[in-house]
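Hello,

Here is the structure I said I would pass on. Please open it alongside this note; my findings follow below.

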Amino acid sequence: MAIDLLKDKGTPLQRQRMSWKDMVGQPISKLDDDAFTRVRIILMNGLELDSLRTKQVGIRCQDGAARPLLAELMRVEQHQATTINWLIGADHSPIETTIGYEQTAIEVTASVAQLEPDPYLAQGYRYALLEDFDHLYRYSALLDRLEGKDANNITQGYTDIVPARATLFHHRAPEHELLEPYGADAELATKLHALTLTGGEYQTHDYYMNIGPVFADPLARQLYAEIASVESQHITHYGSMLNPNETPLEKLVLGEVCEVWNYAACLQQEGNPRVKALWERFLDYELGHLQAALRLFEDTERRDAAELLRDGRLPPFIQFSSQREFVRQVVESETQLRKRGTEFVDESQEGRSSLDYRKAVNAGGSPSETVAATWSWTPGTELMREPVGT
């Protein structure tokens, strides 16, 4: 897909209008649509919500010409987020949607880890990948326990449902959650990877914080509380990859490029014609947003946009396909890794304060261990298993 970030104008901002009927259309089917259509929906909703969050911070920090533009961009992206999020229909239970969130985290992070040119940051993606992979296993056990459903109906066989680095060990002291940020000379791909995963983890955290309290089952409530805390750690993990010396308007431009890059990937790989048309429409919207952000950046900072975007070409896309073999390799070789400061170390060298923190939060037991005790995934859930003693 040939897109020139410096020249392609997209849809002008003043023409980006949607009605409620446009925003709230027919949702996808839990069973009939391909699981990667849902993965793309979840990812793009997360990026739109993160774009809103970033611009809200910008409004609090900017004055002059930036504020009206940020407000206008936020209104359009609010409606884009609504349109995308409402594609998840009522045939998904909250836990089934949760399974979709974890599958998204696994498959997207695995693809990013293989695309990332910086070896240190690639290690960071693989590290958190193992944790989301284990979360899928724990939530699959909860789905079986509470609803008697097979998580494979959601994952459709693309993603293994087995334990990795146990969630019990994900709880780290805050000072061991940080990573070294990418430098000013980092490749555009590196910047887009970090922005994508940060936005995705924010969405997952917020969803778990909102859904967790609605359960009556005490173990479900505890499990969502536990994993929401880990997702908050992942926000720190990925967010600390971002260069803190980028200006707010530089971050605005990179955020718009990130959305263009991801919408283009979704458009290229989408199989549902109705959803594909939506990705095409929103890609044009984001190209319009990017042009507005570039004008603001150049007029305000007196810098050439090519300084950020190089030749205007997009880096290779995230691959929305099963990353099973890669994930299996990472599970096999890196499950024993832990964090000490900004370093990845063997479990025997983990930071002492993390051990103390973990002991405190797990003092009353670990919900993630309890929910999966004696459970392992098999097709068809426990209804298909042989009774003990037969």
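The largest cavity has a volume of about 110 Å³. This is a predicted model, so please read every value here as computed from it. The search gives two cavities of 30 Å³ or more. Thirteen residues is the size of the list to look through for the largest cavity: of these 13 lining residues, L43, T104, A105, G200 and E201 are the closest to its centre. Helix α7 gives the most, with six residues.

The largest pocket holds about 660 Å³ of space. Its lining has 28 residues. D50, T54, L195, L242 and K251 lie nearest the centre of this pocket. Four helices supply at least two lining residues each: α2, α7, α8 (218-239) and α9 (248-269).

**Helix α7**

Helix α7 covers residues 188-211, 24 residues in total. At 1.5 Å a residue it should span 34 Å, and its end C-alpha atoms are 35 Å apart, which agrees. How much of α7 is buried? The count is 20 of its 24 residues, so the helix is largely enclosed by the rest of the structure.

**Salt bridges**

Side chains of opposite charge can pair when their charged atoms come close. Across the whole structure, 27 salt bridges turn up.

- E334 and R126 meet through their side chains, with 2.8 Å from N to O. E334 lies in helix α12 (residues 324-334) and R126 in helix α5 (residues 119-147), so this pair ties together parts that are 208 residues apart in sequence. Both E334 and R126 are buried.
- D134 pairs with R138, and their closest N and O atoms are 2.8 Å apart. Both residues lie in helix α5, four residues apart, or about one turn of the helix. An α-helix has 3.6 residues a turn, so residues three or four places apart point the same way. D134 and R138 are both buried.
- R172 pairs with E177, with 3.0 Å between the closest N and O atoms. Are these two buried or exposed? R172 has a relative accessible area of 2%, and buried means under 20%, so R172 is buried. E177 comes out at 3% relative accessibility, so E177 is buried by that cut-off too.
- K30, E96, E147 and K149 are joined in a network of salt bridges.

**Aromatic rings**

The structure holds 14 aromatic pairs. Which residues form one aromatic cluster? They are Y101, Y139, Y207, Y208, F215 and Y224.

Two charged side chains sit over rings as well. The charged end of R165 is over the ring of Y127, 4.0 Å from the ring centre. K339 lies over the face of F344, at 5.5 Å from the ring centre.

**Where to look**

For a quick tour, begin with α7, which gives six residues to the lining of the largest cavity. Then turn to the pocket lining around D50, T54, L195, L242 and K251.

Best wishes

Technical notes
Residues are numbered from 1 along each chain as its sequence is written. This is a predicted model: local features need pLDDT of at least 70, side-chain atom pairs count only at pLDDT 80 or more; totals for chains, interfaces and linings use all residues. Side-chain values use heavy atoms; hydrogens and water are left out. A salt bridge is a side-chain nitrogen of Lys or Arg within 4 Å of a carboxyl oxygen of Asp or Glu. Buried means under 20% relative accessible area, exposed over 50%, partly exposed in between (1.4 Å probe, protein chains only). The expected span of a helix is 1.5 Å times one less than its number of residues. Rings of Phe, Tyr and Trp (its six-membered ring) pair if their centres lie within 6.5 Å; planes under 30 degrees apart count as stacked, over 60 as edge-to-face and the rest as tilted. A charge sits over a ring if NZ of Lys or CZ of Arg is within 6 Å of the ring centre and within 35 degrees of the ring normal. On a 1 Å grid over the protein atoms alone, a cavity is a set of points where a 1.4 Å probe fits but cannot get out, and a pocket is an open set with protein on both sides within 12 Å along at least five of seven lines; lining residues have an atom within 4 Å of a point. Grid points are joined across faces, edges and corners, and a volume is the space filled by probe spheres set on the points.
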